[in-house]
Amino acid sequence: MHRRHRRALRLAAATAILATAATACNAAAKNDTSASGKSGSGTSFTLVTPDAVGQNEFLKLAVTGIKEAAKAHDGTQKVYESTDTASQQQNVQAAVEAEPDVIVLVGFEFADLVAQQAKAHPKQRFLMIDACTTKTFANVSCAVFREHEGVYLAGAEAGLLSKSGKVGAVDVLDTPQFRRYSDPFAAGAEQVAAKTQTATRFVGGQSPFDDSARAKEQADSLLAKGTDQLMAAAAAGNYGVFEAAKAKGAFAYGVDVNQCPSAPGTVVDNVIKRTDVAVQKGIDAVLGGKAGTTVSYGLKEGGISLTGLEAGVDSSQCVIAQHKDVLEKVKALRDQIVAGKLKVDDPAAS
């Protein structure tokens, strides 16, 4: 599993709280510049990632987003890929020195750096994705996600597919922020199958974000009691959850990106964060004069989705592709949420 999955779950806690409170690049970083459009308007965008993009789908979507934004605004884009804390700092500095129209940064790793640079360069506009600064700045915009809406839909799938009537979740920590990945899963299952029994186990311990063995143990404890559908929200421990589910002939659900190829035949679906949507819409808002705001992206805005609801589900290696009838029922629930007819409770809401 990419490091991003561990980090994404860590920043989920930080961004949930924040959302409610409303030098040159070194050799380790990639400097990728391309122009969009024939004439070019002079509009320029820079994306800084916390890790190398590689095969990290979470970050690849962000790259797609900035490329599409450049194309839409007849401008140019540049991507700085970081590899560690030092290159993150150097890349942010390089981006600021280049003075693009908007600097886009993905992840909580940049919160302090952006706060420093925003204060020192009040005319430079920043857009943070999946995180935000603690203090509000007029030149810093933030895009956060309503993960609980997607988790609810995954829970509905679990409720419809469960043979035992028991579904559960393996979560990182027992906090309101991380319960965004477990409580709505239970609620979604109960929505479609009222008699569903639900339970959650937490990884905890000294390294809750990196302990695959402990995550597997928690999954095994649920499976031993008959649970046959598991929400895997254990960061790097998700592999342990998938392994446990596969061994028992049970099923699991992933987060952030399509994790079905990690365990074909075991992973049913995934709660997807569409970072490309957040980047594109965030840039549009900043250029439209709405800088300095925090925007929440959920099902309605297209920022949260399921692999099963996206194009290409048939080739996703997800189990849900075999259950078109279930997907139709989940689509109906999604439409109710989007229309405001069904509200999904947010465990992290104050």
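Modeller: Arg274 is buried, with a relative accessible area of 18%. Buried means under 20% relative accessible area, exposed over 50%, and partly exposed in between, using a 1.4 Å probe and protein chains only. The partner of Arg274 is Asp276: their closest N and O atoms are 2.7 Å apart, in a salt bridge. That term requires a side-chain nitrogen of Lys or Arg within 4 Å of a carboxyl oxygen of Asp or Glu. Asp276 is buried too, at 6% relative accessibility.

A word on the basis. This is a predicted model, in which local features need pLDDT of at least 70, side-chain atom pairs count only at pLDDT 80 or more, and totals for chains, interfaces and linings use all residues. Residues are numbered from 1 along each chain as its sequence is written, and side-chain values use heavy atoms, with hydrogens and water left out.

The salt bridge count comes to 17. Another of them joins the side chains of Glu301 and Arg146, at 2.8 Å from N to O. Glu301 sits in the loop between strand 12 (294-297) and strand 13 (304-306), and Arg146 in the loop between strand 6 and helix 5, so the pair ties together parts that are 155 residues apart in sequence. Helices (H or I, at least four residues) and strands (E, at least two) are DSSP runs, numbered from the N terminus. Arg146 is buried at 17% relative accessible area. Glu301 is partly exposed at 23%.

Now Glu147 and Arg180. Their side chains meet in a salt bridge at 2.5 Å, N to O. The pair links distant parts of the chain, 33 residues apart: Glu147 is in helix 5, and Arg180 is in the loop between strand 7 (166-171) and helix 6 (183-192). Both ends are covered. Glu147 is buried at 1% relative accessible area, and Arg180 is buried at 6%.

This pair belongs to a network. Salt bridges link Asp130, Glu147, Arg180, Lys273 and Asp346. Asp346 lies in the segment after helix 10 (324-338). Asp346 is buried, at 18% relative accessible area. Leaving aside neighbours within four places in sequence, Asp346 is in contact (heavy atoms within 4.5 Å) with His148 and Arg180. The side chain of Asp346 also reaches the backbone nitrogen of Ala348 at 2.9 Å.

Next, the strands. Strand 5 (residues 125-129) is mostly covered, with four of its five residues buried. Five bridges join strand 5 to strand 4 (residues 102-106), and the two run parallel. Strands pair if DSSP finds at least two bridges between them. Val104 has Leu127 in strand 5 as its bridge partner. Strand 5 also runs parallel to strand 6 (residues 140-145), joined by four bridges. Here Phe126 has Val140 in strand 6 as its bridge partner.

Strand 4, helix 4 (residues 111-120) and strand 5 make a right-handed β-α-β unit. Right-handed means that, with the strands pointing away from the viewer, the path from the first strand over the helix to the second runs clockwise.

Conventions. Polar contact = N/O pair within 3.5 Å; in protein donor to acceptor, adjacent residues only side chain to side chain. Contact = heavy atoms within 4.5 Å.
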